[in-house]
Amino acid sequence: MPTDPGIRRLALGTLLAAFPGTSPPGWALDLLAEGLAGHTLFGRNIAHPDQVAATTAALRDARPDVLIAIDEEGGDVTRLAHATGSPYPGNAALGAVHDVGLTERVYHAIGNDLMAVGVNLNLAPTVDVNTADDNPIIGTRAFGADPTRVAAHAAAAVSGLQSAGVAACAKHFPGHGATIADSHLELPTVDVPVELLRTRDLPPFAAVIAADARAIMTAHIRVPALTGDDPATFSPTVLGDLLRGEYGFTGVVLTDALEMKGAAVAAGGIGPGAVRALAAGADLLCIGAQVDAELVELVVAEIVAALRDGRLDRDRVEQAAGRTAALAAWTRAAAPVAAAGTDLGYAAARRAVRVEGSLDGLTAPLVVQLFAASTIAEGRVPWGLGPHLNGTEQLRVVAAETDPATLRERAAGRPIVLVGRHLHRLPGGPELVEALAGTHPVTVVEMGWPSGWRPAGVRAFVTTYGASHANGRAAAETLHLTR
């Protein structure tokens, strides 16, 4: 049966697609003209600011009210600066400084960077309360482990972004901070009473709703007390009763990427996942990063089929498309405010650095960076002290494959600075640090989530609360190793 053009346009109006390359292919523009809500930009779409501006202009030519989204959190998750690392510290560093005015200014500056290249929807801030030291996906993306502190900074971040004219999308509802699994790879479970969610995970979402966040992103996590065996993305209880009813959110509910296994496996595919998310109360469906015209058409066909066979109510899809259109209209009407100074991010990162112990005698050290894999959310972004060093020798090694004696010999009596991310859970990391510290002057620079682990025998333990370009410069300056 031929698809009614109006039904097709309605389905397209709920979808956030993506495309490969640094200029939009014809199909990506054609779909916008046919009603597609928008596209998400990823690192592979970013070469330099002028190119990004040209890309967004082409998208806007195809549809003036297009939503152009990006994950620009600052800190460890950056798309605009994926080739160098972000010039802003991430949320953990801002939470450590605990100056909500600074957080608002940093996010305002990020918003102005996005406005300058034509992006109008930021899939940030992350407002999860990171209560699990071994959380593999949130960590330094969180403002901290205290709900009250996270709530204050979450609201400030939303205000900062939106005062620059960029819509904020707070994530990941109802809270991804207590998980020890990555929803890109599997469906994490948070098996706690709802009352604990209300006191631990949900206060930041209440704060961003009060700050008029234009969008909130769902989490592909299972909360048995609310969702049964399904992810929150597919739960009418979570999206309807809790988020809309109890917390009074009236903006756009945006899904995390439906290609993620936490959603796709549970639904039996991206198309069925789109239908289930819409039926549960989601408005804008992020398909994911690996998107082509064929996948968009598959999702549209599934939504159209669901409208025909009764799995989806047309009023529900019209409501979703209407909210998405209203979000796009808000971004067109928003008036940006002047940006802050360009050194804001680096100054903020310096304020976040914490030193335990003494840095005395740290002259011409051997800097050893321990390899740490990136998460899918982060992507492969450069990190560490390397770009900022004043000629100081640096090695990059894999902790589990490195003999401490080899490093002691290479140092030849010089102190050693060990730089890592999430060292407490890095395979071979704690053992290497403690083996060296037992016989050699060692300073540790932790650029990941600051757990309670502290190795015995080190001269100093330096915490940056993130691994962005700004965090790396701040650490190098603290160690007096900059050019």
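Guide: The largest cavity here has a volume of about 60 Å³. A cavity is a set of points, on a 1 Å grid over the protein atoms alone, where a 1.4 Å probe fits but cannot get out; grid points are joined across faces, edges and corners, and a volume is the space filled by probe spheres set on the points.

Visitor: What should I know about the model and its numbering before I go further?

Guide: This is a predicted model, in which local features need pLDDT of at least 70 and side-chain atom pairs count only at pLDDT 80 or more, while totals for chains, interfaces and linings use all residues. Residues are numbered from 1 along each chain as its sequence is written, and side-chain values use heavy atoms, with hydrogens and water left out.

Visitor: Which residues line the largest cavity?

Guide: Lining residues have an atom within 4 Å of a point, and for the largest cavity they are G75, D76, S374, E378, G379, V381, P382, W383, R421, A467 and S468. By class they divide into four nonpolar, four polar and three charged, where Ala, Val, Leu, Ile, Met, Phe, Trp, Tyr, Cys and Pro count as nonpolar, Asp, Glu, Lys and Arg as charged, and the others, Gly among them, as polar.

Visitor: What is the volume of the largest pocket, and which residues are closest to its centre?

Guide: A pocket is an open set of points with protein on both sides within 12 Å along at least five of seven lines, and the largest one here has a volume of about 630 Å³. Among the 30 residues that line this pocket, F42, R79, A289, I376 and A377 are the closest to its centre, and the lining as a whole has eleven nonpolar, ten polar and nine charged residues.

Visitor: Where should I look for the centre of the second largest pocket?

Guide: Look for A372, A373, T375, H422 and R425, which are the closest to its centre out of the 24 residues that line the second largest pocket. That pocket holds about 440 Å³ of space, and its lining is made up of 13 nonpolar, six polar and five charged residues.
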